[in-house]
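Here's a quick briefing to read with the model open on your screen.

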Amino acid sequence: MEHVFWTRLFIVSAAFSLPDLQAVTDRLLQNPADFAKELKPLYGEAKAAQFKRLLTDHLLIAAALVNAAKAGNTEEAEKQRRLWYQNAESIARFLASINPFWSEKEWRNMLFEHLRMTEDEAVLILTMEYEKSIKVYDQIQAQALDMADVMTCGIIRQFRIF
């Protein structure tokens, strides 16, 4: 939930060049470290650090995509979009490699859906369709909870928790 919340705040701050942009960006970039902290006891320092790098890249690419879209630079936006989807594939592959109960295909599908909705949200904000952007954000929140359930169930099964 923190990930999608701070992502939305970043989009809004970037879209309107708000004075809190750097503080919001810094807080958003804390999320990968928070995830890594939770993964470290289960998967070790190296795998947690690898996930942190992948998620940090995800956020930096998303920021570059939002900024390119805001500037109307369609060529750069398309380049960043391709990188974003490649990064999502890398995240899906990584997650499937560390937990036998996580499917690479399922993660790829969920992450691609997350990217599509997040881009829709950004476009709606940039085009001042705020009510629609809120509806998309609600969908993003619901999907984030679904991803959290998949992650949690995989951890429970792998480590026979409960």
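M128 is exposed, because its relative accessible area of 58% is over the 50% mark. You'll find M128 in the loop between α5 and α6 (130–159). Keep in mind that this is a predicted model.

- M128 isn't a glycine, yet its phi is positive, at about 60°.
- S17 shows a positive phi too, about 50°, and S17 is not a glycine either.
- To find S17, go to the loop between α1 and α2.
- Is S17 buried or exposed? With 52% relative accessibility, S17 counts as exposed.

**α1 against α2**

- Helix α2 covers residues 21–28, and it packs on α1 at an angle of about 155° with the two axes 9 Å apart.
- That angle is over 145°, so α1 and α2 count as roughly antiparallel.
- As for handedness, α1 and α2 make a left-handed crossing.
- On the α1 side, the residues that meet α2 are E2, H3, W6, T7, L9, F10, S13 and A14. Their partners in α2 are L21, V24, T25, R27 and L28.
- Sorted by class, this contact has seven nonpolar, four polar and two charged residues.

**α1 against α3**

- Helix α1 (residues 2–15) also packs against helix α3 (residues 31–71), at an angle of about 25° and with 11 Å between the axes.
- An angle under 35° counts as roughly parallel, so that is how α1 runs relative to α3.
- Here the crossing is right-handed.
- From α1, the contact takes in E2, H3, W6, T7, F10, I11, A14 and A15. From α3, it takes in N31, L55, H58, L59, A63, V66, N67 and K70.

**α3 against α5**

- α3 and α5 cross at roughly 35°, and their axes come within 11 Å.
- This crossing is right-handed.
- α3 brings H58, L65, V66, A69 and K70 to the contact, while α5 brings H114, L115, E119, A122 and L126.
- The class count for α3 with α5 is six nonpolar, two polar and two charged.

**E121, a buried glutamate**

- E121 belongs to helix α5, which spans residues 104–126.
- Its relative accessibility is 1%, and since anything under 20% is buried, E121 falls in that class.
- Which side chain makes a polar contact with the side chain of E121? It is that of R8, at 2.8 Å.
- Leaving out residues up to four places away in sequence, E121 touches R8, I11, S133, V136, Y137 and I140.

**N87 in α4**

- N87 is part of helix α4 (residues 74–98).
- N87 is buried as well, with a relative accessible area of 7%.
- A polar atom of the N87 side chain lies 3.1 Å from the backbone oxygen of L54.
- Setting aside residues up to four places away in sequence, N87 touches L54, D57, H58 and I61.

**A68 in α3**

- A68 sits in helix α3 and is buried, with 5% relative accessible area.
- Apart from neighbours within four places in sequence, A68 is in contact with N73, E76 and A77.
- K79 is eleven residues from A68 along the chain, and the C-alpha atoms of the two are separated by 9.6 Å.

**Worth a second look**

- H58 of α3 turns up in several places: in the contact with α1, in the contact with α5, and among the residues touched by N87.
- V66 and K70 of α3 take part in the contact with α1 and also in the contact with α5.

Notes: Residues are numbered from 1 along each chain as its sequence is written. This is a predicted model: local features need pLDDT of at least 70, side-chain atom pairs count only at pLDDT 80 or more; totals for chains, interfaces and linings use all residues. Side-chain values use heavy atoms; hydrogens and water are left out. Axes are lines fitted to C-alpha atoms, for helices over the stretch in contact, and angles run from 0 to 180 degrees between N-to-C directions. Helices (H or I, at least four residues) and strands (E, at least two) are DSSP runs, numbered from the N terminus. Angles under 35 degrees count as roughly parallel, over 145 as roughly antiparallel, 65 to 115 as roughly perpendicular and the rest as oblique. A crossing is left-handed if the near helix is turned anticlockwise from the far one by less than a right angle, and right-handed if clockwise. Contact means heavy atoms within 4.5 Å. Buried means under 20% relative accessible area, exposed over 50%, partly exposed in between (1.4 Å probe, protein chains only). A polar contact is a pair of N or O atoms within 3.5 Å; within protein, one must be able to donate a hydrogen and the other to accept it, and residues adjacent in sequence count only if both atoms are side-chain atoms. Ala, Val, Leu, Ile, Met, Phe, Trp, Tyr, Cys and Pro count as nonpolar, Asp, Glu, Lys and Arg as charged, and the others, Gly among them, as polar.
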